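I opened this entry to keep track of what I looked up. The notes follow the order in which I checked things.

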Amino acid sequence: MSVLPGRAARSDAHRIGALVSRIAAALLGGYALAALTSLAALALPMDKAQGVLTGMLLSFVVYAGAVVWVFAARSARRAWAGLLIAALPLVLASWFARTLHFPF
Amino acid sequence: MPKPLPVPAKAPGLRQTMSDLHTWTGLLLGWFLYAMFLTGTVSYFKDELSQWSRPELTRQIALPDPAAAAQRVADALAQIAPGSSQWGMRMPDARSNTVSSFWRTAPGQPGQRGFAQGNFDPVTGAAVTSRATQGGEFFFRFHFQFHYLPAIWGRWLAGLAGMFMLVAIVSGVITHKKIFVDFFTFRGGKGQRSWLDAHNALSVFGLPFHLMITYTGLVTLMALYMPWGQQAAIQTAAEKRQLSSELSVFIPPGKASGQPAALAPVDAMVRQAQAVWGPHNIGGVTITHPGDAAARVSVARGSAERVSMSPQYMLFEGSTGKLLETHDRVGPAAETRGVLYALHLGRFSDLSLRWLYFIVSLAGTAMVGTGLVMWTVKRRAKLADPDRPYFGFWLVERLNIAAIAGLSIAMAGFLWANRLLPAQLPQRADWEIHAFFAVWALALLHALVRPARRAWVEQLWLAAAVLALTPVLNALTTDRPLWRSLAEGDWVFAGMDLALWAFAAVHAALALRTLRHRARAPARAARLNARAGEAA
C-alpha cells in the first residue's frame, strides 16, 4: 500500500470527480431535460395553453426519471451520454414547435 | 496503517445504487421535508386552527345563506373601501365562521402591497375584530415557503425538497424487492430491524398518497418551477388572459369607465349561481370597480362535489346584474392540473375523508422521521466509539432531535403564544411566529449541548407536557374550556383539545420507549456476557 500513495490519491480524486459529475448531471442535466420537455410539449397537437400546461405537468416526471437514470448508469460518462440522447428528440420537437408557433 | 482501498469487483447493482440514492436524497433535505410534511398535515385543518386561534369569535351555529352574506359584506365594503378597484370575499362554509375579505387599496393607503383585508360576520355584515393572528394560515404558508426569507426563495427551496422527495420515493420503491410482503412484516424490539420495518410499513401503507402528495405539491407551483414553455409560447396579452382563465378564478380589475353607476343587488347574482351549483356551494365573490359602469361581479363555484380546482365562475355586469358569461369548462391539460391541485389541497373532502387525509399524511410525516432516525441507527452500530462519533453523525443526530421532537414543541409554542401574548401588542401576529422560531431555536440549542439520548427523552417529554397542557391553558385564558365545548357540541374546540391530548400521548409513548431502550441495552449486554461466561 505504502508504495502507491499517488495512485490511491488519484483513484480517490477520480471517484470524487465522477460523483460530482453525476450530481451535476442529476441536478442540472435533469433540470435541463425537464425544461426541454416543457418546450417539446408545445409541439403536441393541442392549443398553446394546453401545450404549455402539459409540458409543465410532464417535466417533473422526466426530472425524476433523469435523476434515477443518472445514478443507475454504469459510469458518469454514460449518465451524461444518456441525457444527451434523450435530449435529442426533445430538441427536435422544440424546434418543430418553434416553427409551428412562429412560422417566420 | 492506512485502510486498504475498497476495490469493487464490478459496478454495484441497481438495487444498491438506488438504495444509496434513496439514503442521500432522503437525508440531505430530510429535515425540511419533515417540517413541510408535518405543517402541511395540520393544514388539512387550517380553517379549524384559525377558528381556534380566534376564540373571541362566536361559534357558527347555522350555515348562513351565501347570497345574503355576500350582499351584507358588499354593503359593508361600500362603507369601508368605496373607491377600491376590487373587492374579494371568501364565503363561509361549515368550517369557517367569518367571511374573509380583501380589497385593493389606492397607492399610499395602508395595506400590504396594495391590498387590505378584514373579516366580516356573515349574519350581521359587521367587521369582526379579534386578536391579530395568522392562525392555521401560518403553518399552511410555512409548508411551502418557510419564513424569514423572500417567499420566492422559500418556494424554490420547497420545490427542491419536493423534487428530492419524489426521487427518494421512486428510488425507495426500486430498492424494495418485497414491497408487498414488507407491508405485513414488523419485527418489534429489534433495533435497526424494527426501524426498517416501521419505515417500510409507513411508506408502503401510504405509498400512493405519498407519491400523489409529492407530485401534486410540485404541480401547485409548476408555473414558477417550469416557466419555459409559457415564456416561449405565451406572448400577447390575449394569450396571457386565456392561460390565466384556464388556471384561476381571479379576474384582473381592468379599466374603470369613469361613469358612475350603482352596483346592482349582489345577492340576486349569487342566487343565480346557487341555482346551478347548489345553495351552499359558492366559493367566493369578486367585484371589480364597484360603483362604476364597467363594474363586473364574478361568483365562483365552491370546492365541494367535484375533485378539481379548475376555475368555474359566473360573470355578471355589475350595474345591471346581467349574466355575461358562465365559465365552467377548461382544456384537458388545465382540467388535469385542476384535479391534481384539488387532490393536494383536499378541500373537497367531507369530515371523514379529511381525517383520512390527516392520518395518511401523518404516516408520511412518520415515514420521513423514521427514515431520518434510521440513518443514525444504521451507522451507530459501526461507530468505533459511540460517545465520540464523527462530525457528520453528530450533526445528523442533533438535527434529527431538533427537527422532529423540537418541531412539536415549537408548534405547541405557537399555540401558547396565541393564548398568552397581550391582544394589544403591536405586530402581535408576527410575534406569535417569532415565538415559534424562538422555541425551535432553543430546542436546537438544547439538542446540541445535551447527550443525544437524553436530549431525545427530554424534548419528547417536554413536547408531551406542553401539548397536554394546551387545553388547560385554553380553559384558563378563554371562555371555551373543553367541558363547555363538549356540552355545546362545539367540535372545533373540543376536537382541538382532544387531538392535542392524543398527540401528547404519542409523544409520551415515544419518550418512554426511548427511555426504556436505553435502560435495556446494558442489561442485554450483561446477559450476553454472562451466557458467554457459562459457555466458556
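Is B:Glu305 buried or exposed? I note before answering that this is a predicted model. I looked up the surroundings of B:Glu305 and found 10 C-beta neighbours inside 10 Å; the limit for exposed is 12 or fewer, so B:Glu305 counts as exposed. I placed B:Glu305 in the loop between strand 5 and strand 6 (313–317) of chain B.

Next I checked backbone angles. Most residues other than glycine have a negative phi. B:Glu305 has a positive phi, near 70 degrees. B:His289, not a glycine either, also has a positive phi, of about 45 degrees. I found B:His289 in the loop between strand 4 (282–288) and strand 5 (296–301) of chain B. B:His289 has 24 C-beta neighbours inside 10 Å and therefore counts as buried.

Then I turned to the contact between the chains. Chain B gives 35 residues to the contact and chain A gives 30. On the chain B side, the elements that give two or more residues include helix 1 (14–28), helix 6 (151–175) and helix 14 (332–345). I sorted that side by class and got 25 nonpolar, seven polar and three charged residues.

Last, I looked at the nonpolar cores. The largest has 118 residues, and those that touch the most other members include A:Val67, B:Leu166 and B:Val167. Helix 2 (residues 48–72) of chain A supplies the largest share of this core, 14 residues. Apart from neighbours within four places in sequence, A:Val67 is in contact with A:Ala26, A:Gly30 and B:Val167. I also noted a second, separate core of 31 residues, with B:Trp87 and B:Met89 among them.

Methods. Residues are numbered from 1 along each chain as its sequence is written. Chains are lettered from A and ligands numbered from 1 in the order in which they are written. This is a predicted model: local features need pLDDT of at least 70, side-chain atom pairs count only at pLDDT 80 or more; totals for chains, interfaces and linings use all residues. Helices (H or I, at least four residues) and strands (E, at least two) are DSSP runs, numbered from the N terminus. A residue is buried if 20 or more other C-beta atoms lie within 10 Å of its own, exposed if 12 or fewer, and partly exposed in between; C-beta atoms are placed from the backbone. Two residues are in contact if their C-beta atoms, placed from the backbone, lie within 7 Å. Ala, Val, Leu, Ile, Met, Phe, Trp, Tyr, Cys and Pro count as nonpolar, Asp, Glu, Lys and Arg as charged, and the others, Gly among them, as polar. A nonpolar core is a set of buried Ala, Val, Leu, Ile, Met, Phe, Trp, Tyr and Cys residues joined through C-beta atoms within 7 Å.
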